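Reader: I am new to this structure. Please show me how to read it, one feature at a time.

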Amino acid sequence: MLAFLSWASTNRQLLIALALVLLCWWLLRPKTPPTVGDELGAASARSTRPGASMPRRRSVSISTPGILLRFHAGTPEVDDSAITALLALCAIADVHLVTQLETDSDAQEKAVIGAFEAAGIFGAGACDRRKVICCATEDGRAAIVRQLAPRVHIETSDKIAQYLAPHVPSVVLIGASSVGAPSANGSMSRCSSLAEYASVSLG
């Protein structure tokens, strides 16, 4: 032991150099790459841990008059031909339904929601009744959509479409007879119906 201590004292610089070499090797050693199983396990742990975020679905707003419903003598009637397309969109997007009433009344708003409910558009995997919004004017309709800030807005009014085009990434104007100036940022497109838009979007 005394001999080792004497040698260590004599060769202190050599020992320090060896220690530095070992430290550098430890810090710079190649790390074993994770296996596919390790990565999958880590991904599974991330996806199952509390609070893990799910992929965000795109947001779509639809101006319902002329697309999903029409008023006949003040009574809202849902267009059955548009329901399948609507439910297909609900499967891939968060959908808001914006309805401009003919008369600003609670009774007509309840009638609209009742018509939607009778048509079977509410429920799991379909529309959320809390995302039905009613208003009384065209300006109010445009303001609501701008505040919602959807990824896509589906509209029948040229005026509203032109107003929203600079603010919404994609504005879809429904109606074969709709003729308007092209938007400044090219975000507007045209379809003859909600069914046509859904077939293009989902295709």
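Reader: Is R58 buried, exposed or partly exposed, and why?

Author: This is a predicted model. Buried means under 20% relative accessible area, and exposed means over 50%. R58 has a relative accessible area of 30%, so R58 is partly exposed.

Reader: Where does R58 lie?

Author: R58 lies in strand β1, which covers residues 58-63.

Reader: Which residues does R58 touch, leaving aside those up to four places away in sequence?

Author: R58 touches I92, A93, D94, R151, Y197 and S201. Take D94. R58 and D94 are 36 residues apart in sequence, yet their C-alpha atoms are 6.3 Å apart in space. Now the whole chain. Among contacts with a separation of 6 or more, 52% join residues 24 or more positions apart.

Reader: How many helices and strands are in the protein chain?

Author: The chain has 8 helices and 8 strands. Six strands form an open sheet with parallel pairing, in the order β5-β4-β1-β6-β7-β8. Its edge strands are β5 (132-135) and β8 (188-191), each pairing on one side only. On average, neighbouring strands of this sheet are turned by 20° against each other, direction ignored.

Reader: How many bridges join strand β6 to strand β7?

Author: There are 4 bridges between β6 (residues 152-155) and β7 (residues 170-174), and the two strands run parallel. H153 stands opposite V171 in β7.

Reader: Which helix packs on the sheet, and which strands does it touch?

Author: Helix α4 packs there, touching β1, β4 (93-100) and β6. The direction of α4 makes about 135° with that of β4.

Reader: What should I know about nonpolar side chains?

Author: In soluble globular proteins, they tend to be buried together. Here, the largest nonpolar core has 33 residues. I62, L86, L97, F116 and I154 touch the most other members. Helix α4 (residues 80-90) gives this core its largest share, 6 residues. A second, separate core has 13 residues, including A142, I144, A161 and L173.

Reader: Which residues does I62 touch, again leaving aside those up to four places away in sequence?

Author: Among them are L86, L89, L97, H153 and I154.

Reader: How many aromatic pairs does a search of the whole structure find?

Author: The search finds 1. The ring centres of F116 and F122 are 6.5 Å apart. Their planes are at 85°, so the pair is edge-to-face. Both F116 and F122 are buried.

Reader: What share of the residues in the protein chain count as buried?

Author: Of its 203 residues, 33% do. The accessible surface comes to about 12500 Å², and 59% of that belongs to carbon and sulfur atoms.

Methods
Residues are numbered from 1 along each chain as its sequence is written. This is a predicted model: local features need pLDDT of at least 70, side-chain atom pairs count only at pLDDT 80 or more; totals for chains, interfaces and linings use all residues. Side-chain values use heavy atoms; hydrogens and water are left out. Buried means under 20% relative accessible area, exposed over 50%, partly exposed in between (1.4 Å probe, protein chains only). Contact means heavy atoms within 4.5 Å. Accessible areas come from the Shrake-Rupley method with a 1.4 Å probe; for residues, only the protein chains shown count as cover. A nonpolar core is a set of buried Ala, Val, Leu, Ile, Met, Phe, Trp, Tyr and Cys residues joined through side-chain atoms within 4.5 Å. Rings of Phe, Tyr and Trp (its six-membered ring) pair if their centres lie within 6.5 Å; planes under 30 degrees apart count as stacked, over 60 as edge-to-face and the rest as tilted. Two strands pair if DSSP finds at least two bridges between them. Axes are lines fitted to C-alpha atoms, for helices over the stretch in contact, and angles run from 0 to 180 degrees between N-to-C directions.
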